[in-house]
Amino acid sequence: MRGSHRLNTKLRQRIIRKQREQLRITQASIVSNNCTGAMVAHDLGLQFRTPFVDLWIPYSHYIRLLGNLRHYLLEVPLEEYETDEVSYPVGLIDDITIYFQHYPTFTQAYDSWMRRCQRIDWDDLYVLFVCSNQGHLNELLAFDKLPFKNKIALCPPVSDDYQLPSSARPLHSISLDSQGNLPTLTDYSGICGRRYYDAFDFVSWLNNPT
């Protein structure tokens, strides 16, 4: 496993180097319901200009947050939520639960959240919805109706892709699990240096905002 990880890391650097050469922007505020957006920003050498880093948000909570984003990020305090559900910090912004999966303490998560909220460029938002599981068409439809110009939803393909809204990007090239769900997109897809989220061309999305 260690040898595979080292090889993937080495191969990944080649992929990232090529992506950075193709990127024409120098900053972007990427909003995401899980780690995918932040990892893409890190790959491309972009500063984290939103607080959506090293965390995940339940689908329905994320859609609700996006429906009043300035309110939740600027007007409502982030508070610690005590729970035995998980072993990592959990935060609460009004009725939105945020799981800070990759932070050792809530204090560190809070400080990072507040610092990055101040960096948001509200005129340069790229909104990503990673909907990895089947059966969430209602959330995809609700996301599609949100008034963001630059938004995409990565999701599993369905038998009739025409039923999906225009913002959905079904990832046909990725093998689904037995339940028809996508794998964790931030994982490596093999010993090739590629992560599953490379199935979508993030560089083109960032280079060509609508």
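Ala, Val, Leu, Ile, Met, Phe, Trp, Tyr, Cys and Pro count here as nonpolar, Asp, Glu, Lys and Arg as charged, and the others, Gly among them, as polar. Before we start: this is a predicted model, in which local features need pLDDT of at least 70 and side-chain atom pairs count only at pLDDT 80 or more, while totals for chains, interfaces and linings use all residues. Residues are numbered from 1 along each chain as its sequence is written, and side-chain values use heavy atoms, with hydrogens and water left out.

**Exercise 1. Describe the lining of the largest pocket by class.**

Step 1. A pocket is an open set of points on a 1 Å grid over the protein atoms alone, with protein on both sides within 12 Å along at least five of seven lines; a cavity is a set where a 1.4 Å probe fits but cannot get out, and lining residues have an atom within 4 Å of a point.

Step 2. The largest pocket holds about 330 Å³ of space; grid points are joined across faces, edges and corners, and a volume is the space filled by probe spheres set on the points.

Step 3. Its lining has 18 residues, and Asn34, Trp56, Ser132, Thr184 and Leu185 lie nearest the centre.

Step 4. Sorted by class, the lining gives nine nonpolar, nine polar and no charged residues.

**Exercise 2. Work out which side of H6 is buried and what it packs against.**

Step 1. The buried residues of H6 are Glu139, Leu140 and Phe143. They sit on the same side of H6, because they cover an arc of only 100 degrees around the axis (the arc of the directions from the helix axis to the C-beta atoms).

Step 2. As background, an α-helix has 3.6 residues a turn, so residues three or four places apart point the same way.

Step 3. The partners of these buried residues are helix H3 (59–66), S5 and strand S6 (151–155).

Step 4. Look next at Cys131, in the loop between strand S5 (125–130) and helix H6 (137–144). Cys131 is buried, at a relative accessible area of 0%. Beyond four places in sequence, Cys131 is in contact (heavy atoms within 4.5 Å) with Tyr59, His136, Leu140, Leu154, Cys155 and Pro156.

**Exercise 3. Locate the residues other than glycine that have a positive phi, taking Asp54 and Asp94.**

Step 1. Asp54 has a phi near 60 degrees and lies in the loop between H2 and H3. At 30% relative accessibility, Asp54 is partly exposed.

Step 2. Asp94 also has a phi near 60 degrees, and its place is in the loop between strand S3 (90–93) and S4. Its relative accessible area is 48%, so Asp94 is partly exposed.

How values were computed: Helices (H or I, at least four residues) and strands (E, at least two) are DSSP runs, numbered from the N terminus. Buried means under 20% relative accessible area, exposed over 50%, partly exposed in between (1.4 Å probe, protein chains only).
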